[in-house]
Structure formats: structure tokens, C-alpha cells
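Dear colleague,

Please find below the structure that I am handing over to you. My notes on what was found in it follow directly after it.

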Amino acid sequence: MNDMRIMERETDTRTVKITARGVQVHYGDKHALKDVDVDILDKTVTAFIGPSGCGKSTFLRCLNRMNDTVATARVSGTILLDGEDIYDRRVDPVQLRARVGMVFQKPNPFPKSIYDNVAYGPRIHGLTRNKADLDEIVESSLRKAALWTEVKDRLNDTGTGLSGGQQQRLCIARAVATHPEVLLMDEPCSALDPIATAQVEELIDELRAQFSVVIVTHSMQQAARVSQRTAFFHLGNLVEYGETGQIFTNPKDPRTESYITGRIG
Amino acid sequence: MTEVLQHQPAIPARPAAGDRSLYAASTKMRRRNAAETRFRLYGVAAVAVSLLTLAIMLFTIIRDGSSAFRQAMLTFPVTIDAAIVDKTGSRDPVQMARVTTVGYGRLLGNSLAAHLAERGIAVEGVDDGDIANMISKDAPARLRDRVLADPSLVGQTIELTVLAAGRIDGYIKGRVTRETAERDSNVTPGQLEMADRLIEAGILETRFNTAFLTAPDASDQRPEAAGLGIAIIGSAYMMVMVLIFTLPVGVAASIYLEEFAPKNRFTDLIEVNISNLAAVPSIVFGILGLAIFINFAGLPQSSSLVGALVISLMTLPTIIIATRAAIRAVPPSIRDAALGVGASKMQAVFHHVLPLAMPGILTGTILGLASALGETAPLLLIGMVAFVTNYPSAPPEGVLDPATALPVQVYSWASRADPAFLERSSGAIIVLLVFLVIMNVTAIVMRRRFERRW
Amino acid sequence: MQTDPHILQAFDRDLEAIQAMIMKMGGLVEAAILDAAQALETRDEELADRVLLADKAIDALEERINTEAARLLALRSPTASDLRTVLTVMKIAASLERCGDYAKNLAKRATVLAQMEPIGDTAGSIRRMAKTVELLLQDALDAYIKRDVELAQDVRARDHEVDQLYNSLFRVFLTHMMEDPRNITACMHLHFIAKNIERMGDHATGVAEQVIYLVTGELPDDPRPKADLTAFARLDEAND
């Protein structure tokens, strides 16, 4: 019989990985994100929830400067990764993105072989010196993504030939191949069926022992299942941020309660 | 709970009345169906008309041009008489070169007459001169070239196949008749009779004429010797150069405009201008080429380099537009994925976007080249319509030699008086069409092959 | 019922943990019942005090189980058998907590009765009744952990015995009280004790019915076999 090791909900660490203070984002005239203050903890899964258009994806994309690729976006405020401001002029976004990886909503493996998909990141960042090192990184990344046993015999097949859930796990393997410290996931399961979703969620739970994971999700149930900390965004504001169990059983802000109980969109 | 499923009501047997019945078509439905059927018929009719027009065009061209590939030729033993070609007996090509084609012409005439006498073929109605005139005026030059290249032939008797004269060829193909021969200064009815006898004897026959594809152009006097050799080489040089000029420049310009250039009024202006350039009449490019490349830069007139430069200017907008479309067709998720892994913009474009856009780019390029192959107007203006008899030498010097191009050759033959040239013009059109079809089929095959991978 | 693990292993850990808490609570309650009955029979005031203290742990467990059940419902959105598991855990915890309270009450009254003269062999009978009920509870919890419907049905049927024991004790008390009014105080206490033990039996039956709901998805149709006729007892019948 189980010895009453209750749900490891307590976060294993109190170290802060990313600090955001006063972050604002404007898309042209539209004020998409207003004054966001949040501390993302290390080795923890943090979920961003909220209705459509509330700014959660916008904030996520600020964390690895993907908003730089949008011409009309203006970001102000401070975002610190391990104490360093990522928007400082000396920071090369390319180098930042090797440390802060991203997985997107629709699985988007490169139309290359599975091996090349995972090896691309380490290659362009010069993380390996020879083929043996590269083989090892590819294998360990695919193992971390729980995909190795399924594809180890067909590493040269194209990545686009896998099923939806496998493609998303391949994208996760690709993201972890550069040994990032933070993994950002923008609705990673929204294009997957329930079984594939559960497999990816179990994977996220395993990954949090090594990285800090930030996941944006439309599904509150997913946020409840998978995260230790949850942030609720509404109309561009960060309304409430706290421990997941507390948010879902007794939220402090009435707006949070309205959203979670399905009373507002 | 299970009882609910057992009490299904019986299916009502009575159908709904009047217009509500599904079995009967309503009037609106009937009118719509009739309109759709009519539309489909219009479509079929349009396709039928197009196919019919295409069939008529192809039929006409093939009917007129296929005979250009067969040419009347005379086969008889020729004695290379040293007395005529090598008076000094030295077998030295330099010495022997002093004998002109006139001498060789006499040699051929003598040999033919001798052969006829040997075979016992009747020669009434023609004299020796007439017999000699039945041989093409181009043949002596060919024989001379051959002997000078190989002096050991002197003194030997070789079996030679030479072109027959143009009018003889025309007679065999039905252009020349005894009635027209009466009025024609180049042929007599006696020669035509002689031709019949020669055909019977097996000396005169029509054969497949490879020289049509390899020989240079010939003067009005010798339509039978005219060939596409220089035109094909000229077109080939131009196409290769157009590819070298336009592909890198076009692709680089497109990538810059699509991926790196800031989106402001200036770049909008550039985009509008590129689209307009694609619509400019081709003859304007010819005037431009004349003014810039020939008058200002001093490049040799009628050279394939100038032709290639002019056609590159014309094809560049097409390639830029095709490349931009191919790049735009790459889904943004691939770019996002590359950026997310930490690739720079340049790496994302060159490692991911470009390989995926390549099939579209290549297809657009091949189609651009195919249409460039058929451009005539600008080439006329830069002088490629001149009469060129020497093959351009190998590149890179060869690109400055005067040359001509296939469509230009078609134009120039079609405008000559002798009806034999009309036949050759149609033959040239067939060759041009074959090249175009090959290029288009290559484009389709490549597109299919690359599409499967993506 | 599903025996495959959930893809999300944390879900399985949560369910196991909450069921482990119920079993621990059950163990504590069974021990409390037996100890309290023992304290009554052997007039051991120290044992009774220990039972009183132990009740705090039982109450704390019930509160913890409820909190964790609420978290499970909020965070996992369980469905089908998982949902019934959580719902039955909450109900069983409530039943166990009531049983714990009855045991505490028994211990309190035992302290008082230790100061008075024993009434015949009633303490022994009560201890035997308590033992029967403890076995019922044990079997009900066994049926729960094994998901055994037959055992649960059996528990439901055996409650009948507890009711009969109570009936006979009730008559004995009436007899003793009518014989000697000085016995009334002690008999009243003993009677309450017997009544509480009988209610514990009903709670055990409740646990068994929750087990049937958990496994089959429906509460049992037939009414509980009731043998408690004391509601209809009259004074003249006691003399028969």
C-alpha cells in the first residue's frame, strides 16, 4: 500500500528563473499587454491561462524575444533571465533563443529527416565537435521527449511522416536539444487528440525536473493537471498568479473565479 | 434505461404532399440544374475550340515543315583527279588551297557525267553543263574542305553523297513542275526529265538531312544547304547566359525584398515597378539594348552576349515575381520553428525557406527561359538577323562572335523569296517547338518530383 | 473497473494517496472501538484517556481527506470510476469520523462507569457487540480496498446481528432498571453506549453500500435488513 506520499505539489525550488517587471507591449496603437509583474520559478511548470486575446501568448513571446519578428510590436519594461536583461542592446536574440526554447501550437517539424530536425539546433550553435557528440545529443533529446524507442530505427525518415503527437514530441526534442534552461510552450496540445495530449502532459511533468517550463493553454483543466503555478491574464492584465491548487480551489480575485467557473469568456 | 431504445415509432409511410416532396424536383431546382448544365457545355465547347485550334496549327506546321528534314541527294563515285586539285603533286594543303571551288565543281560534274555514261543512262535533253548544275552549288565547297583536311584522298575514287540542286529537290517535293520550269531560269524541263531517270537509276533519292540541324545558313542561291546549326548554337549560348545572369540576381533580389527589406513606401514602389516591367513590350527592350549595350558600351552587334543581356533584362521581372510567390508559399510556421531553435534570420532563410521554395523557383525559371527562347523582336533590333555563316567559337570568346537565334532564323527564312525557304522556316518552327516542349515537360517533371517530398 | 494506470502518473499517485489515508483512518477507528470497549470492561481509566486523545488524529485525518479530495476534483476533473472513487472516499471519511466520535463517547462514559458498580455482565456483552461491529467495519474497509461487492453485501446482511444484540441488551437494561432504581444512572450510560455501537454498525453498512456504488455505479436497490425493533418496545413486553 502507498505510504501516503501525497501529491508532490510543493515546488522543489524557490529559485526565480525569469523576473518580469512593468512589461508593456503595443502592437501599433493597440495596447496588448499592460504592466505585467511576475516571477517564473526554476524547475517548475508555470501555466498562463485566460480568454482569447488576453495577452498570454504575447507575453510568452516576449520571453524569448520572438516579438522582435513582428514589425509593429513595441516592448517596454524589464525582463531578466538569471538577473540579465534580455532586451539589453548587447544581447543577441539568437543566443537567447538557444537558452530559451520554444514549442509552437501546430507541430512544425522541418521537412528533413528526424535526425536532422533534432541536430539542427546544436549544429548552428556549434555545440558539438564531432559526429559522435551530435549522435549522443540527438539520442538523449529523443529519449527526453519519450520518442527514442519509437523512432530509433528510422532516424532518416522525414519528420513530417510521423503522427501528430509524435511530431509535437519531435518538436519538443528539437527544442531541448540546445540544452535550454527554459522551455516555452504555446498551446502545445491544441492540435492533438486526447491520448497524444496526455502523453505530452506526462512528458512535461517529467521535463520539469530539468527545466523551467512555461505553458500557455486554452484549457483550464490542462493548466490544473500539469502546472505548479498558474497566472491568469485578462484583457492584457495579469490578474492573479499563485500556486495552482490554491487558484483552482480558492482564487483570491473574483475575475479569476468567474473565468475558472465558466462565468465569463 | 434500456426500455427507451425499444419503443421506436414506426416509419411513416405517407410522403409529404406537393412541392415538399423530396422525390419531385422543384422548378427552382430545375432551372438551376439547366443553368449549370449549360455552363458546363460552354466550358466543354471552349476547350474543344482551343484544342481544335491547336490541332490545326500543329497540323499545318508539321505538314509544311516535316519535309525540311529530308533532302534530295545524289550518290555516285567521285574521282579526286589530281590534275585538277593538286597540280604540283605535293599533297600540301596550303598549295592545294589555291584551287577554288570552281575546280572542285568541275571535278564533281565530270565524275557525275562519267558515272552516267558508265551506267548507260540516257542523257538526251541535257548537256554537260546542265548535268553539273543538277548538283548543289554548295557541294564543291564541302568536297574542297574534305580534301584539304585529308590530302590522301587525292587520286582516289570515293563514293560520295552530295546535295542535289535546290530546284531538283523542289521538283521531288512537288514545288517545281514542268510548267514552272519553262519560266524558271534556274532549271530546265530537260533537267527534270533527267531527274526522273536518275531516280529510277537509284542515283537520286531523298534522305534524312542531318545538315539541316548542323549546317550554317546559306544564301538565296542554295536553299538546299541552309541549316539551323548557327541558330541552335546561338540560342543555346544565349539561354545558358540568361540562366547565369538572371537566376542569382533574381533570386537574391527576391529574397532581399521578401525577407529583409523594410516595408515602406519605397519598397512598395519597387514592387509595383517590377510588375510593370514584366508587362513592357519586348521590342522596347530591343531599343534599350541597342542604345546601351551596342552604342554606349560598344559591345559587338549581333553577338549572343548582347542578345543574352537583353533577354535577361526581359526575363528578370518574371523570375523575381515567380521567386517571390514561391517564397511566400512557404508556411510561416517553418520560419517560426527555425527562429525558435535559435537560427538567425539569414540561417532561417537559407537553410529552410529557400530549399522549400526551390521547386517553385526552378519551375518559374524554366518557364521564363522557355518564353525567352521564343523572343524575336528585341533580337531583331540588336542585329541578330544578319546573315552569319561562321560558327561562333567556344565560350568565353565565342559569346562576342556574331550569331543568330532560332526564332530570328524563322523570321529571316520566312521573308526570303525562294519557296524552299518557306519549307525550311516551318522546319525551324518544328525544332523550336520541340525545344519548348522539352523545357516545359522538364519544368512539370521537376515540380512533381519536388512536390512529393514536401 | 479500470486497472490500467493513467497516462498522467501523478493522477495515480494522488488517488492512491487519498485511499491510503482512508485505510489509515479506518485502522485508527477500529483500534479506538476495541480500546474503548476494553476500557469499559476492564474499568481502565488510562486506556479510556488514550482513546480520547487518539480521536484528535482521526478528526485531523478526516479534514485532510476532505481537503485533498477537493483538490483532486478541482485539479484532475475525474470522471467515471475515478469520480466515484473520490466521492466514496469523502463519504466513507465522514462515516469513519462519526464512528470515531462514538468510540470517544464510549471511552468518556467508561470513565464514569468505572466509578460505579458493574451491571451484571453487560460490559462483557457490550465488548462482544463492539467486537462484532469492529469486524463489520474491518470487512467493509476490506471490501473497499478489494472492490469486493459480495463481501460488501455480506456486511450489509450481518448488521442484522448487531441489531439483535442491541435488542437483547435493551431488554436487559430495562429489567435491571425496573429491579433497582439505583441502577438507572449506570444503565442509562450503558444504554447510550449500546445505541452508539449499534449506530456504528449502521455506518459500517453505509460504508459497504458506498463500496457497492463505487463498483457498480448504483446504490443497492433493496432496503437494509433492519432488525432493530426497540422503537416498538413497550414496558409490558420487557417482562416476558
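Ala337(B) sits in helix α15 of chain B, which covers residues 332-341. The model is a predicted one, and in it Ala337(B) counts as buried, because 26 C-beta neighbours lie inside 10 Å; the cut-off for a buried residue is 20 or more. Setting aside the neighbours within four places in sequence, the contacts of Ala337(B) are Phe104(A), Asn108(A) and Phe110(A). Ala337(B) may also be placed relative to His352(B): the two are 15 residues apart in sequence, and their C-alpha atoms are 9.8 Å apart in space.

The contact between chains B and A may be described next. Here 16 residues of chain B are in contact with 20 residues of chain A. On the side of chain B that touches chain A, α15 and α16 (345-373) of chain B each supply at least two residues. The largest share comes from α15(B), with 7 residues. By class, this side of chain B has 7 nonpolar, 6 polar and 3 charged residues.

Chain C also touches chain A. In this case 18 residues of chain C are in contact with 18 residues of chain A. The elements of chain C that give two or more residues to the side touching chain A are α1 (9-42) and α2 (45-76). Of these residues, 9 come from α1(C), which is the largest share. The side of chain C that touches chain A divides into 10 nonpolar, 2 polar and 6 charged residues.

I turn now to chain B as a whole. Chain B is divided into domain 1, residues 70-209, and domain 2, residues 229-453. The centres of these two domains of chain B, taken over C-alpha atoms, are separated by 45 Å. The average pLDDT of chain B is 85, and 96% of the residues score at least 70. Among the elements of chain B, helix α1 (residues 27-65) has the highest mean pLDDT, 94, while helix α3 (residues 93-96) has the lowest, 78.

Ala428(B) lies in helix α19 of chain B, residues 419-453. Ala428(B) counts as buried, because 29 C-beta neighbours lie inside 10 Å. Not counting residues up to four places away in sequence, Ala428(B) touches Leu228(B), Leu406(B), Gln409(B), Val410(B) and Trp413(B). Between Ala428(B) and Arg335(B) there are 48 Å in space, C-alpha to C-alpha, and the two are 93 residues apart in sequence.

Two helix pairs were examined for their packing. In general, two packed helices are described by the angle between their axes and the distance between the axes. In chain C, helix α5 (residues 149-179) and helix α6 (residues 184-216) pack at an angle of about 170°, with their axes 9 Å apart. α5(C) and α6(C) are therefore roughly antiparallel to each other, since angles over 145 degrees count as such. The contact of α5(C) with α6(C) has 17 nonpolar, 5 polar and 6 charged residues.

In chain A, the pair is helix α3 (residues 114-124) and helix α6 (residues 164-176), which pack at an angle of about 30° with their axes 7 Å apart. From α3(A), the contact is made by Ile114(A), Asn117(A), Val118(A) and Gly121(A), and from α6(A) by Leu170(A), Ala173(A) and Arg174(A). These residues divide into 4 nonpolar, 2 polar and 1 charged.

Finally, which residues have a positive phi without being glycine? Leu235(A) has such a value, about 50°, and Arg147(C) has another, near 55°. For context, most residues other than glycine have a negative phi. Leu235(A) is in the loop between β9 (229-234) and β10 (237-243) of chain A. Leu235(A) is partly exposed, because 14 other C-beta atoms lie within 10 Å. Arg147(C) is found in the loop between α4 (122-146) and α5 of chain C. With 15 other C-beta atoms within 10 Å, Arg147(C) is likewise partly exposed.

With kind regards

Terms used. Residues numbered from 1 in each chain as written. Chains lettered and ligands numbered in written order. Predicted model: local features only at pLDDT ≥ 70, side-chain atom pairs only at ≥ 80, totals over all residues. Axes fitted to C-alpha atoms, helices over the stretch in contact; angles between N-to-C directions. Helix = DSSP H or I, 4+ residues; strand = E, 2+ residues; numbered from the N terminus. Parallel < 35°, antiparallel > 145°, perpendicular 65-115°, else oblique. Nonpolar A, V, L, I, M, F, W, Y, C, P; charged D, E, K, R; others polar. Buried ≥ 20, exposed ≤ 12 C-beta atoms within 10 Å, placed from the backbone. Contact = placed C-beta atoms within 7 Å. pLDDT = per-residue confidence, 0-100. Domains from an automatic or database assignment.
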